[in-house]
Amino acid sequence: MRYRIVLIVFVVIAVINLNTEASKEIRPLLTQETIEIDGHLNEDAWVEAQVINDFTQQSPDEGEPTTERTEVRMVYDAENLYIGFECSDSEPEKVVANEMRRDGQLWQNDNVYVMLDTYGDKRQCFFFRTNALGALSDTAVTDGGENLNGSWDCIWKAAGRRHDKGWTVEIAIPFNQLRYKKKDSMVWGVNFGRNIARKNETTQWIQVPRSESWPGTYHPTYQGKVIGLEGIASPSYFDVKPYLLGGLARRLDNASWQSITERDAGLDMKYGVTSNLTLDLTLNTDFAQVEADQEEVNLTRFDLFFPERREFFLEGSGLFAFGAGIGDFGPPPLSVFYSRRIGIEGDKQVRLLGGGKLTGKVGPYSVGALNMTTDASSEAPLTNFSVLRMQRDILSDSTVGFIFTNRQSDVSNYHRNGGVDLFFRPHDQWRMRAMTVGSWSPDPDESDLAWYLSNDWRNDNFRVNASYLDIGPEFTNEMGFMQRRDIRSLMLDTDYEVQIRRYGVRDVGAMFTGNYLLDHDNRPIGWDMGIGGSALWDSDDGFNLDFRRFFDRVDEPFSISGVEIPAGDYEMNQVSLTAFTETSRPFALFGQVDYGDYFHGNRVSIDIDGQWRMTYQLAIETRYQRNWIKLPETDLFTTNVVGTRISYALNTRFFTKLYAQWNDSAERASANFLLNYIYRPGSDFYLVYDQRWGTSDGFKAHAWTVLSKFTYLFTL
């Protein structure tokens, strides 16, 4: 009887989980005609192709037809999929188009996008966005839209053209850049969208509920069908991408300058094992062109979290996500695999000798395997890093999987983690996660368990998330990120939002958040409670006001900017005011002010971010953060972080960027200049200048580097 009840429960869940299939379909036109990507939909194939134009608003008037007509057509040949957008506009002179940078903030412009679920499983997809200038932005999406990898780069083309009735865009996506299960006639999932910046209007072909907001546009759950794809060339391929690097560097070492000649070479290879399985290999990998991390002042005793920016680790990175709070904003409390542990020790880079990565999907199984070896250095010995990740699709939109990681420098020196996880989505508005993972090494004091449960539910106005995280006192995670161990954390996060459309106000909201921490001796070590409210105007300007009360138990003293925080129990209060302006304007501003207790003292902080698009080619971004901290043991002291990024795009293939930063608490300043010319798709020339100063006694140069890097993509 008990087993029958369990079976009935699973049947009911499966029935609930059967989302109604969207009846909308588009059949791309197969053509032998050459499609020139120039923003003109003037080839005969575009005239003959099926037209879809029934777009629906997500915001501001959910469910209503779009206020400006949008037409989409799809054409394909053996090598490429082509998408054409015709965006009519009653006021074409007001179309916002001022972003040309690759992976720039295109959502702040008038833009269009296409989501392709090439497996048709509603779990992962490829997301492409462009504007009237033909700027490119692409994202790899996994976990049903829960994990977004905006740093993933695909080789594709887009061209835009403005005219007296609006604007048009042509897009070409090579099939060998996508992953799919090869069949004689394939069915993919698809959605199209358009954003009209001056109206703050977002529309889609398959409507995404307003309650999902902008993240919902990345969810492959909301999709129609691409049918009738036939005769596509096999995406099995072999790409070879060597690089040559040369330059000069000078570094201050023991009060004397040392000159260094930089010469290096390496190789990246990509092989399409099958249409849905890719092998990446790398030899002597270099990331000289990667922008420096944003400077931060750490006012806590825990490590800061920085995002991965290195190209090799980005493709398929969502598949390796495993832990607690993965996909949420801010640092996760536990991530079992954190790729920045490879090749970065402390704040110093370690040479990557080479390695490989296999990612893709085989039937219902998603597979990821990675192996890398780093050179011996003063920071660490020669070390090998391995990760094996697998997920299996269950029901219609859920997965179960496992992960295994190993960091090993010799036979008797290793750190390993292994665990299983479940993502269960019984309904579009309901998500549950469960995870357990263990750690072990030759040291028995480094073996323990961690586990996590979360439940997220939302409707049109209300969202609630509850979770429980338990990390054992001896749990270690040498290949991951963990803020602290020996905790039991119970968290509740709720918010309510309602659309009022009165007095120029569009939305108002309220939120409550609470978190309670115990250690494994059941001692309270922290708690946190907050309430707040928000308002958003029709103009998309808005503000948030939050009140927070929290408790922190400090077992050991620690230092902030040379000032010691004593051990003890601290109850603190804080109020925060955040205000922001609509981001599609030429000048946009974000500001936050915090006031409250800081352990046994008090703190006032301001954080101001400004963005000025002087032209569609030139943009200036500035950031200023300042803290005033007063503790009983010391006079008032301050911390400052200043950052400025100046970007110039000659066109969509030639970019320059100057990024300068100053962090007085770390007593350092830096300037980084990057020139990037994409002289052919997939092949780049970089010119990099990097200058660093120490600021403990005025600005004194510590090092500078000038490098050029040349890559060339061979497709065999």
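Analyst: Leu492, Phe512, Met529, Ile531, Leu545, Phe547, Leu577 and Val593 form a nonpolar patch on the surface, and their accessible area together is about 660 Å². Such a patch consists of residues with over 30% relative accessible area and no salt bridge, where nonpolar side chains (Val, Leu, Ile, Met, Phe, Trp, Tyr) are joined within 5 Å and like charges within 9 Å. A salt bridge is a side-chain nitrogen of Lys or Arg within 4 Å of a carboxyl oxygen of Asp or Glu. Accessible areas come from the Shrake-Rupley method with a 1.4 Å probe, and for residues only the protein chains shown count as cover.

The model is predicted: local features need pLDDT of at least 70 and side-chain atom pairs pLDDT 80 or more, while totals for chains, interfaces and linings use all residues. Residues are numbered from 1 along each chain as its sequence is written, and side-chain values use heavy atoms, leaving out hydrogens and water.

Strands β33 (524–537) and β34 (542–554) are the elements that give two or more residues to the nonpolar patch; strands are DSSP runs of E with at least two residues, numbered from the N terminus. Met529 is found in β33.

Elsewhere, five strands make an open sheet with mixed pairing, in the order β2-β4-β5-β11-β10; two strands pair if DSSP finds at least two bridges between them. Its edge strands, β2 (29–30) and β10, each pair on one side only. β10 (residues 157–163) runs antiparallel to β11 (residues 166–174), and seven bridges join them. The two form a hairpin with two residues between them. Within this pairing, Lys157 has Ala172 as its bridge partner in β11, and Arg161 stands opposite Thr168.

Turning to the rings, there are 30 aromatic pairs, a pair being rings of Phe, Tyr and Trp (its six-membered ring) with centres within 6.5 Å; planes under 30 degrees apart count as stacked, over 60 as edge-to-face and the rest as tilted. Phe126 and Trp152 have ring centres 5.3 Å apart and planes at 35°, so this pair is tilted. The pair links distant parts of the chain, 26 residues apart: Phe126 lies in strand β7 (residues 125–131) and Trp152 in the loop between β9 (147–149) and β10. Phe126 is buried at 11% relative accessible area, as is Trp152 at 5%.

Conventions. Helix = DSSP H or I, 4+ residues; strand = E, 2+ residues; numbered from the N terminus. Buried < 20%, exposed > 50% of the residue type's maximum accessible area, 1.4 Å probe, protein only.
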